[in-house]
Every structure is written in C-alpha cells, then in structure tokens.
Amino acid sequence: MEVNPPKQEHLLALKVMRLTKPTLFTNIPVTCEDRDLPGDLFNQLMKDDPSTVNGAETLMLGEMLTLPQNFGNIFLGETFSSYISVHNDSNQIVKDILVKADLQTSSQRLNLSASNATVAELKSDCCIDDVIHHEVKEIGTHILVCAVSYTTQSGEKMYFRKFFKFQVLKPLDVKTKFYNAETDEVFLEAQIQNITTSPMFMEKVSLEPSMMYNVVELNTVKQVGEGVSTFGSRTYLQPMDTRQYLYCLKPKQEFAEKAGIIKGVTVIGKLDIVWKTNLGERGRLQTSQLQRMAPGYGDVRLSLEAIPDTVNLEEPFHITCKITNCSSERTMDLVLEMCNTNSIHWCGVSGRQLGKLNPSSSLYLALTLLSSVQGLQSVSGLRLTDTFLKRTYEYDDIAQVCVVSSTIQVEG
C-alpha cells in the first residue's frame, strides 16, 4: 500500500493505520459420529476450544472478536477513519512539528487534519497522535497524503511525506423506473441491489421529493392498525440480492392545476439510503436529482376525475371530465361532440358549445351515459373541436367500467 518510503534517515517515524470494526471469529467445525474411529475426540476438542460458544460448538461464529488483518474494502457512503501517529525515535528533542493529512480524489484535494497548529516540541520516545474521519462521496482511486515537517536541535528544517493509495468501491446498484398514472400522479419504482460481499441491514430508504410533489411510501401494509414493512421485521439485504421500493408522488395543490401542462424534463426528487454492515458500521448514499420526461398531452388534455367502477346494464351513470388547455399562449373555443359506440350510449346534447378556454386553464364537465352490453366496457366517443383552428381532437378508451345485470346488486 505504501508507495514511496522515505529515502533519508529521519528523527521521526510516521505510522498510519485504518480504523475499522473487528469481526466475529469464525471456525470450521469438524465432527464425527460416536461409532467412527476418532470417537468423541473431535467433539471434545471443540468443547475445549475457547473460541466456540458453549452448548453450540458446531456453529461457525464464535464469541471472540478478530482484529482486521488487512486494509479491507472501502465503499461509497461509508466513513473512512484513520489513526496517524508520529513518534520520535531519536534521543533528541524535535521542535516545530507540523503533521498534515490530505485526501486526494479524482476531483479534489481535502484537508483532513483535525488541527493545523504546530507542536512546539516533541521529546524523545514521545508521539503525536491524530484520528481523521471522512465520509467518502466519490468512487475510484483515493490517495491519503501524510506530510511531516520539523526542526532538529541544530536548526535544520526537515520534511517528509508518505502516500497511501486505496480504492473506493460502489456498494449499491440503484435503478429507477417511472410510471405515469391516468391522473397527475407519478409512481417511482426503485430497485436497490447489494453488490458487496456481505449482508446489509437497510435502515432507511426514503424519497425526498422536489418542491412540486408530496410523496407517499407504498412499502408498508397495515396490520392491527400499525404499518408493517412489506419486507418483514428483519430488513437484511444479502449479497447480490435486489429489493424493490415503490413511491407515489402527487403534485402539491399550488402545482396541481399546472401539472397537466408541464412539458419536458421535470425533477422528481432524490433517494436517501442508509444501511449498516458489520457490527453496526453505517453507510449513507443520496442519489442525484431524479428526472423524468413529462408525458405529452398535445394542445388539449382530457382526463377523468370521477367514474364508478361498476354500473348496471342499461342504467344511466355519471362521470366527471377535466378539460385542460395545454397551450400557454392560445385561447380555445371548444365544441363537444358525443359519438355512440356499439356498447356505450351518451345521454345529452351532442355538439354543444363549451365556450372559451383560456391558456393553461381547465374546466370540469359532468356527463351521463349508459351501456347496453355487459362486461368490461371502454368509454369512448368524445370529440372536442377548436372552432378557431377547425381542429378536432378524438378521445377513445379513456376509461373502463364493469357492466353487470341490473338484477345484481351493485355496491355503492
């Protein structure tokens, strides 16, 4: 790990060690049946082994802890901690000691030293200790640069430094998908995969919405009046396992009227992911702002605000439509036509004037219709004509209703 050792004799020695949590000691249990040649020898050896658990000697995990034997892996979102010690190996008193620790990444250089003050003197066989912490926010190559400067008793100024190179790996693979509902709601599916070699405890996975939206998490179910996680009480994510999280975003009231005319790329929000690994080591990742391409509705958008799920055969039912002028500049003069289909029959006057609709504004329209065919029927046949441009917009299959016989009681 050390790249360039010092080329000259120095009075001070620099040691750098990474601080990590220990691991549980593991052993490989070796057993045999009593009738085998070793008899009870292997079982007795395991019982005498101080690293095994009394009464559960065949478990691989023991009661002892093992100190880290190597540098280990560092993952994005974790906190990198290191212990830096400068020791005076000589029999002289060294003066004006300055220890500096910088972390060089692919994009920046960070000063991690707790204090940049100079130590007046360091006696023989004494040391200067420091502990540095840094939340890793970039993947790739990182270089810890530790520099030491001091002055000898003869007044000579000395300087040396050491480089410690390590790689920061990616712990999670995050994929997102957007689904647009018939209303202005947006559903976000987040697929999170553990690409490390050890299990993770998923402490929190939340969506921080942008200023335009309110978010509802759909990752819990109600049981006995309380929300229970769909993943169970133990939210562990094994290596290479994937978990799917679902969120529903609704436009805030002040943006609800404008939601139908939003065009282009819109910002949804960002995911905040917190996890714990070996012995509670914490990691946290925040994605960049998630963006989606808003669906195009053309010049005029027609959406359903209210419609029953089930209706009786040959009995009128009511729906409420919302018509939005998606143009930001042009006023429309609309005429509504209702065309019957083989199963859907509209009630009312076709060809009526709806009046002028200003840019970026909406109107609500209550309509009555009935179905002459049982089963799942599509609501179709609405036509809007802009008399200014002589342009007609057709709306078919805007919704579906279940039509049942009138002898079957329909629940309200």
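Predicted model: local features only at pLDDT ≥ 70, side-chain atom pairs only at ≥ 80, totals over all residues.
Next I checked how the two strands run. β16 covers residues 220-223 and β17 covers residues 226-229, and they are antiparallel. I found 4 bridges joining β16 to β17. Which residue of β17 stands opposite K222? I looked, and K222 faces G227 across the pair. A handy reminder for reading such places: side chains in a regular strand alternate between the two faces of the sheet.

Then I stepped back to the whole chain. I counted 33 strands and 2 helices. How does the radius of gyration sit against that of a compact globule of 412 residues? The globule would have a value near 22 Å, but this chain has 35 Å. I also noted the span of the C-alpha trace along its principal axes, about 105 × 75 × 35 Å.

On contacts, I took those with a separation of 6 or more; 69% of them are between residues 24 or more positions apart.

Of the 412 residues, 38% are buried. The accessible surface of the chain is about 23,700 Å², and carbon and sulfur atoms hold 51% of that surface. For the charges, I have 39 positive and 48 negative, with their mean positions 8 Å apart.

Key: Residues numbered from 1 in each chain as written. Heavy atoms only, no water. Rg over C-alpha atoms; globule rule 2.2 N^0.38 Å. Buried < 20%, exposed > 50% of the residue type's maximum accessible area, 1.4 Å probe, protein only. Contact = heavy atoms within 4.5 Å. Areas by Shrake-Rupley, 256 points an atom, 1.4 Å probe, with all protein chains shown as cover. Lys, Arg positive; Asp, Glu negative; His and termini not counted. Charge placed at Lys NZ, Arg CZ, Asp CG, Glu CD. Pairing = 2+ DSSP bridges.
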